[in-house]
Amino acid sequence: MHQTLLILHSINRWLVLASLFYAIGIALSGLRSGRAFSGADNTVRHVTATISHIQLLLGLSLYMISPVVKFDVAETIGTGLVSEHTFFRLIHIAFMAIAVVVITIGSARAKRVGSEKEKFRTMFVWFGVALLIILAAVPWPFSPLANRPYFRSF
């Protein structure tokens, strides 16, 4: 179960990033061109929020059963900025939950604001902030906090 959730969480990470980049690109394009906020734009907004919620649910499920989170070790001094256990127990989960909340607020606000330009601006700002938070908290292979491969295999 753990390995399956880990693989699904790893794969879905790329869907979250792709949908955020796409939604931000659409929002920027809409802002620059002044075009109307279409049904397709609204679908992108909704799908981006939905994919991020699925990722959060996968992550929370993984968090509950993860040996990395459950394994309680004495922190060794001088091993880096933070230990891998601290990163996954506290930093990763908190930042990702915050990012999904930011996406949700941005999606809801973009849905409800009046003008077309404000819809695009709201999507651009809120999704952009969430993307920055996510990029900072993903355990990239080059991260000094904790590193994982780009893709997990079955």
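Guide: Asp 41 lies in helix 2 (residues 39–65); helices (H or I, at least four residues) are DSSP runs, numbered from the N terminus. The model is predicted: local features need pLDDT of at least 70, side-chain atom pairs count only at pLDDT 80 or more, and totals for chains, interfaces and linings use all residues. Residues are numbered from 1 along each chain as its sequence is written, and side-chain values use heavy atoms, with hydrogens and water left out.

Visitor: Why is Asp 41 called buried?

Guide: Buried means under 20% relative accessible area, exposed over 50%, partly exposed in between (1.4 Å probe, protein chains only). Asp 41 has 4%, so the residue is buried.

Visitor: Which residues is Asp 41 in contact with, leaving aside its neighbours within four places in sequence?

Guide: Ile 26, Arg 35, Ala 36 and Phe 120; contact means heavy atoms within 4.5 Å.

Visitor: What makes Arg 35 and Asp 41 a salt bridge?

Guide: The term requires a side-chain nitrogen of Lys or Arg within 4 Å of a carboxyl oxygen of Asp or Glu. For Arg 35 and Asp 41 the N to O distance is 2.6 Å, so the pair qualifies. Arg 35 has a relative accessible area of 31% and is therefore partly exposed.

Visitor: How many salt bridges does the structure hold?

Guide: Two. Glu 118 also forms one with Arg 121, their closest N and O atoms being 2.6 Å apart.

Visitor: What separates Glu 118 and Arg 121 along helix 5?

Guide: About one helical turn, because they are three residues apart in helix 5 (residues 116–137). Glu 118, at 33%, is partly exposed, and so is Arg 121, at 34%.

How values were computed
Helices (H or I, at least four residues) and strands (E, at least two) are DSSP runs, numbered from the N terminus.
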